[in-house]
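Q: Hi! Could you walk me through this one? I'd like to go through it piece by piece.

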There are 4 protein chains.
Amino acid sequence: MRGFASDNYAGVHPEVLAAMANANVGHARAYGDDPWSADARDAFRAHFGAGAEAFIVFNGTASNVLALEAMTQPWEAVLCADSAHLHADECGAPERAGRKLLTLPTPDGRLTPERLEPLAIRVGDQHAVQPRVVSIAQSSELGTVYSPDATAALADWAHEKGMYLHVDGARLCNAAAALDVSLAALTSDVGVDAVSFGGTKNGLMGAEAVVLLAPDLRTGFQYRRKQSMQLASKMRFLSVQFETLLSTDLWRRSAAHANAMAARLAAAVGELRQVTVTQPVEANAVFAILPRGVSDALTERWPFYVWNEATGEVRWMAAWDTSPDDVDAFVDDMQRLILAKGGPQSIR
Amino acid sequence: MRGFASDNYAGVHPEVLAAMANANVGHARAYGDDPWSADARDAFRAHFGAGAEAFIVFNGTASNVLALEAMTQPWEAVLCADSAHLHADECGAPERAGRKLLTLPTPDGRLTPERLEPLAIRVGDQHAVQPRVVSIAQSSELGTVYSPDATAALADWAHEKGMYLHVDGARLCNAAAALDVSLAALTSDVGVDAVSFGGTKNGLMGAEAVVLLAPDLRTGFQYRRKQSMQLASKMRFLSVQFETLLSTDLWRRSAAHANAMAARLAAAVGELRQVTVTQPVEANAVFAILPRGVSDALTERWPFYVWNEATGEVRWMAAWDTSPDDVDAFVDDMQRLILAKGGPQSIR
Amino acid sequence: MRGFASDNYAGVHPEVLAAMANANVGHARAYGDDPWSADARDAFRAHFGAGAEAFIVFNGTASNVLALEAMTQPWEAVLCADSAHLHADECGAPERAGRKLLTLPTPDGRLTPERLEPLAIRVGDQHAVQPRVVSIAQSSELGTVYSPDATAALADWAHEKGMYLHVDGARLCNAAAALDVSLAALTSDVGVDAVSFGGTKNGLMGAEAVVLLAPDLRTGFQYRRKQSMQLASKMRFLSVQFETLLSTDLWRRSAAHANAMAARLAAAVGELRQVTVTQPVEANAVFAILPRGVSDALTERWPFYVWNEATGEVRWMAAWDTSPDDVDAFVDDMQRLILAKGGPQSIR
Amino acid sequence: MRGFASDNYAGVHPEVLAAMANANVGHARAYGDDPWSADARDAFRAHFGAGAEAFIVFNGTASNVLALEAMTQPWEAVLCADSAHLHADECGAPERAGRKLLTLPTPDGRLTPERLEPLAIRVGDQHAVQPRVVSIAQSSELGTVYSPDATAALADWAHEKGMYLHVDGARLCNAAAALDVSLAALTSDVGVDAVSFGGTKNGLMGAEAVVLLAPDLRTGFQYRRKQSMQLASKMRFLSVQFETLLSTDLWRRSAAHANAMAARLAAAVGELRQVTVTQPVEANAVFAILPRGVSDALTERWPFYVWNEATGEVRWMAAWDTSPDDVDAFVDDMQRLILAKGGPQSIR
C-alpha cells in the first residue's frame, strides 16, 4: 500500500532497522541503563544543548502528556490552538491526567502572543484554572511552521507571565528542515522549556522523547515516566533508534525529503483548476479542497484523511519514504478522476 | 554481557526480529488497522478461545493497569500478594490510575481462597473499598506456578463473591511450559476473566497484551488504551511480534528452554553446601541464599538482583537465550568464590 | 453588607436555621443513617418521582462533578456551553476527575439540539473523546431559562444518540418559579437523567444534592460520594436543610421572591438611558452594561461582579433576602452616580 | 438516642450553634473573604504559630487527602499504620487522588522510627514509590496518644530522610487535653509539617481544617481546595464554628470532658470480670472484649461498633456530650446482661 494518509503509515527507515538488529547482541541492563541509551541521551544533548535531559517514551500521546504534567500543577492550564493534536486527537489523555486545556481558534494552526492574550486572565482567582503553559505544535497540525523569531516571541511572552513554552515536536524535524536551521534554533536557543520530540513519523519504528530544557522540570521525571506506564524494559531498542536518527544527518535527510515531496504535490495540484490548496505548504502536509466525488474515489486507492467533513477539506501527508513516483501517480489519478467527472474544461 | 538479572536483559529472538524486518514493507494503516494486527488478534483467539479479545500495549505496567481498570470502578479494590509486581514494582501506577490494592503476605507468592478470605470483607460498607478483583501472577514473582486446579479454585471463589480473576501473565508461557499445558488450560478453560499476557520476557522486543476473556470487559477498551497513552501508531511492528510468538510453538520453545536452564542452575547449586535454594524452582527463577561476600563478588561479573537485603536472598532468572554454558560458567565462578572465601570444606 | 454580587452572599433562611437547631437533639447515626436524612430523601422523591435517588453533598462543584462522573467513562465527553460554570468557574474540577468538556459558544447561555449537532461527531473514533452527556444549567449562567419543551427537545436529542441529559440546577428553583411549574416539569417529566440540585443559593446554609433519575446511574454512587470526599458525618444537619426547603413551599417562595427582585431591578434600570440590559431577565439575574465610572463607583458600596472585562458588562444577582428597599436604594445610587458624571440628560 | 458509637454521633455544642446563628446577618462575601473567616484564620495562628496557614474544608477525608497531596508528588508514598483511618476507612480516597500508602502493623496504633525504618527503602529506585510522608493519627485510631517527645522523634526521623510529618488530628484536641499541653506542643513546636485538624468530632456541626506549618506547602493550596470540591460558598458558617472552638477554651473543655467520660467508662468496666480492656485508655476511646452475646444485646440499646469481627473486640467512643449518667447506665446495662447470661460469678 502507498498513500498520503499520515507519515505514520510509512515503515522504518532501513538504517534504523539495521541499527536495531545490530543492538540485538547478548544481554543488556534493562530500563535504560545500557550503552545505547547513554549514547541516545548524548545525541539529544548534542542537538539541544548540554543542559537538555531526554526521556524516551513509547508514543506521542505520552510525550505530550508527560511533558505537560511536569510543567503544571493539576489546577494549572495549558493554552493551545483548538486544532492541537493534544485537544483533538488524544481521546482526552491530558484530561485523564488531570489537566485542563484552554483552546483558541486560529486560521493556520499558529499561536501568537496577540491571540493568546485573552486567555492569560483570572490569575489569582481561585475559581479559575491558572494559565501555566503555552503549547505549540512545530510544524503545526495545519502544516505551517513557526520561525525562530516567532518562537522566541512566544517564549518571551510566556516567561514574562511566569509561564512555560512547550513544543509538540512530533514533526519538529520537518520544521527545522523546512527552515534549514538546527533543532536548537527552534527550541533551546529561543527559550523553549520542553519539547516532545517525535521520531516515529520521521522513520523510526516507534520512539518519542520528552526533552526537558528548563532545569526545574527534571525533578522526579524518571518516576513520572515509570508510573505513567512509559518505561520500556528493553530500552536499548528504543534508544538505538534515536541514536541512529540524531547522530548522523538522517533526521534532516528524511524530513527534508518528506517536505520536498509535499512541495512537489502542492505544485502539481496547483495546476488543477478544481483543487484549492487551503494552507501554506511549509512542511510535509498539504491541505486542499477538491470535488467530493473526486476525493471519495481517489481515497479508495490512495488512503488519506478528510480533515473537515463540512467543507470537504482533505489532508495529504508526505513521509520519508514517499517517492516522486508516488506523487506523480497520485496526481495523475486525481487529474483523471477530475476529467472523468468534469470534462476537459475542469483542468486548467 | 551475560547474566541472570532478569529475562528482560535478554535480546530479541531471531525469528521475531526477522518477522519484524519482513513487516517493513510499504505503507500500512496505523493504530492496528493492518493485516499483521488482524493476524495477531486471530493468534490470540486461537490460544484463548473465540471469545478472547486482545489489545496490544507497550509494556507490562500498562498491561496490568489497563486490565485492572477495566475490571473495577475507582472504589473497587484489587486483592493481591504483597510480593505482587503490581504492588512492589510499578511505582504506584495502579494507584495513579485511582485503584487501591489490598495485599497479603504469602510464603511462596501464591494466593489461595483460604488466604484471601480475610480480605473479602466490608461488602456494602461505604467507608471501605469494595473487593472486586483477585490478581495472581503466573508464574508468580517467586517462581512458583498455579496448577489449572488451583486457578480454577480461585476463579470459583472470586465468581461466587461477584469478583473477577485476573492473571498477571508476564511469564504465563513459562508456567504453561512448566506444566506442559496449553495457555487456555491456565486461563480461559478455568474461569480466568482477563490476562495480562507477556511477550517481552519471552523473546519479544517489546510488546504485551491485555487479553479480555469475560465479555463484559470489552466495552470501550479501545478508548481506554488510547487515553492511557498505550496505542502504538506503527502497530504492525508490535503485532507481528505476537503473531510470530503465538502462531508457531515459539512461545513454548523459548519458555521451556528458560525453565530448563533454571532447573539446571538449581540442580547445580544444590550441590553447593553454602547455597540454599529458598523457593520451589517451578519456572525460570531460582531464589537462593549464599554468603554475602560470594554474592557481592559474583554479581560483578554476572549481574543479578538481591531480592531481600535483610536475608541476602538473591534471585536468578533464566531467559530464552540462557545457554547451558552460561549456567555452567556461572556455577563454576560461584564455586570458585566459595572456595576462595571458605576453604575446601565449603563445598559439599 | 447588602449587595447584588451573588445569591450565595445571602445568609440562611430563618426557617432553615430553626430547623437545624431543632435537629440538634441527642445522638444520631452518622453518614446519613438518621431520620432527617430519610425524610430528605423522601422529600426529593416527592418532587422528582418515586424513582429519584438523592445524594446530598457539600457544594455545587461536587454536585456537578459527581453527577457527571456517574454518567461517563473517563473517555466520554460532556457537552456544555462555554459559559457553563462547570467550564469557567470550577478551577478544573471536572478535568481533575478525568473528564473532558467540549464547549460551544451561545448568545444567551442556552444550548439547543441545533447548536449541539456539530459536537456529536467522531463516534467510534478511538482518537476522540466520545460525546456522552449534554449538560445544561437551569436557570443558565446568563439568567435565562429552558422551558419544559426546550428541555424535552434536548433530552430527546441526547437519548437518540445514546447520551444523557444533565441539569446543573444550582438555580433550578428559580427556573421553576419563573415558569410557574413543578421541579419535575423541568426534569423527571421531560427526560432529564440527573440533576445537580442547588440549595445553598436558595437560602440553605450549605447543601447540594445529586438527584439521579435514570436508574442505571445509581450503582455504587454511595462509594463514589465517600471516595470523592463528599460524605458528611453529621449528615442530619445537611439533610434537615433540604427537608425544610422541599417539604413546604419554601423553595418556591424564596426563588420567586429573588426572581421578583431581579424583575424589579431590571424594570428600574430600564428607565435609565445609560444602562443597557443585555440578557432576557427570566430568573434572578440581571446583566447590564453601564458606564465604567458609574460601575466602579457603585460597586464600592454595593458589591457585584464585572462579567466581561472587555465590554464592561456586569451581573446583578437577587437573592431570597433581597428587599425592595435594597433594589430601590441601589437604583437610586446608580441614578445619582450617572447624573453626577453625565449631567441631567443622562437620565431618560 | 444515646450511645458510644462515635463522637460524630453527637450533635453541635450549644455555643457553636449560637455563634452560627449570630453569623446569620446580612450579606457576606462568599468563599472565605468575610470577617468570620479572617478571625478563624487568626485563631489558628494563635494556636499553631504565626506561620500557620489554615484552610477550612468540609470533612476529615478531605482534610487528610488534601494535606497529603500538598506534601507529595504522585509517585511519592505515605507511610502509615495499617489501622490508619486513611487506609481503612476512606474508601480509597487517597488512592483516587493518586497516592499510594505503605502500611505497617502496630500493636497500639502508634508508629515509631524503629517501626518505620523498614519502609524507608528503595530511595532512588524508579520502580518503587518514594517514601515522602509519615502520617500519624493523634490521638490514634486505637485511642492512644503520642507525647511531644514521641512526635518530635518522628519529625526528626522524617526530616533527616527528607520526609514530612503529617498529623491526622481528627482528635488532636483530645490528645492535647489528655496530655494537658497546648495544640502547638504536639505539632508546630515539635516539627510537624501539616495537621488535618478536626472540629466535627469535638462539637462542631461540620468543619475540618488543613493547617499547613511548613512554608513550602502553601503554594497554590487555595486552587487545590477549590479543584478538589472543598471550597464552601457560605464559608462564614464554617469559619465561625472554628472561631468559636478556638478563641476560648471550648476546644479543651469539650475534649477533656470526652476523655474523662472514657476514663470513667474504662474504670467501671475494669470491675467486670468478663470484660477485658484491650488498649491503653489515653483519650476518648475504650477498646474492649466482652462476651459476644452481651455485646450483641447491648448494642441494640446503645449503638457502638465491633472493631474486630474475629476477636469480638469493640470500640466505645465518648463525646463532648456524653454524660456521667450515660456511662453509668451503659455499664449497668452491661452488668445486667452479663449476669443474665453468666450467673452471679460472672461479675467480680
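A: Happy to. Keep in mind that this is a predicted model. Let's begin in chain D, where D:Val134 stands opposite D:Leu165 in strand S5(D).

Q: How do S4(D) and S5(D) pair, and over how many bridges?
A: They pair in the parallel sense, over 5 bridges. For orientation, S5(D) covers residues 164-169, and S4(D) covers residues 130-137.

Q: Which helix makes a β-α-β unit with S4(D) and S5(D)?
A: That is helix H7 of chain D, residues 148-160.

Q: What pairs with S4(D) besides that? Say, how many bridges to S2(D)?
A: There are 4 bridges between S4(D) and strand S2 of chain D (residues 76-81), and this pairing is parallel too. In S4(D), D:Pro131 is the residue that D:Ala77 stands opposite.

Q: How many residues of S4(D) are buried?
A: 7 of its 8 residues, which makes the strand mostly covered.

Q: Okay, new topic. In what order do the strands of the open sheet in chain D come?
A: The order is S8-S9-S11-S10, 4 strands with antiparallel pairing.

Q: Which ones are the edge strands?
A: Strand S8 (276-277) and strand S10 (305-308) of chain D, each of which pairs on one side only. S8(D) is joined by 2 bridges to strand S9 of chain D, residues 285-289, and the two run antiparallel. There, D:Thr276 stands opposite D:Ile289 in S9(D).

Q: Which strands does helix H11 of chain D lie across?
A: H11(D), residues 250-269, lies across S8, S9 and strand S11 (313-317) of chain D. The helix runs at about 20 degrees to S9(D).

Q: How about D:Glu90, where is its place?
A: In the loop between helix H4 (85-88) and helix H5 (93-96) of chain D. D:Glu90 is buried, with a relative accessible area of 2%.

Q: Which residues is D:Glu90 in contact with, leaving aside neighbours within four places in sequence?
A: From other chains, B:His127, C:Lys226 and C:Gln227. Within chain D, the contacts are D:Gly60, D:Thr61, D:Asn64 and D:His85.

Q: Last one, aromatics. How many pairs does a search of the whole structure find?
A: There are 62 aromatic pairs over all chains. One of them is B:Phe287 with B:Trp307: the ring centres are 5.1 Å apart and the planes are at 85 degrees, so this pair is edge-to-face.

Q: Where do B:Phe287 and B:Trp307 lie?
A: B:Phe287 is in strand S9 (residues 285-289) of chain B and B:Trp307 in strand S10 (residues 305-308) of chain B, so the pair ties together parts 20 residues apart in sequence. B:Phe287 is buried, at 0% relative accessible area, whereas B:Trp307 counts as partly exposed, at 33%.

Q: And which residues form an aromatic cluster in chain A?
A: A:Phe4, A:Trp302, A:Phe304, A:Trp316 and A:Phe330 form one cluster.

How values were computed:
Residues numbered from 1 in each chain as written. Chains lettered and ligands numbered in written order. Predicted model: local features only at pLDDT ≥ 70, side-chain atom pairs only at ≥ 80, totals over all residues. Heavy atoms only, no water. Phe/Tyr/Trp six-rings, centres within 6.5 Å; stacked < 30°, edge-to-face > 60°. Buried < 20%, exposed > 50% of the residue type's maximum accessible area, 1.4 Å probe, protein only. Pairing = 2+ DSSP bridges. Right-handed = clockwise from strand over helix to strand, strands pointing away. Contact = heavy atoms within 4.5 Å. Axes fitted to C-alpha atoms, helices over the stretch in contact; angles between N-to-C directions.
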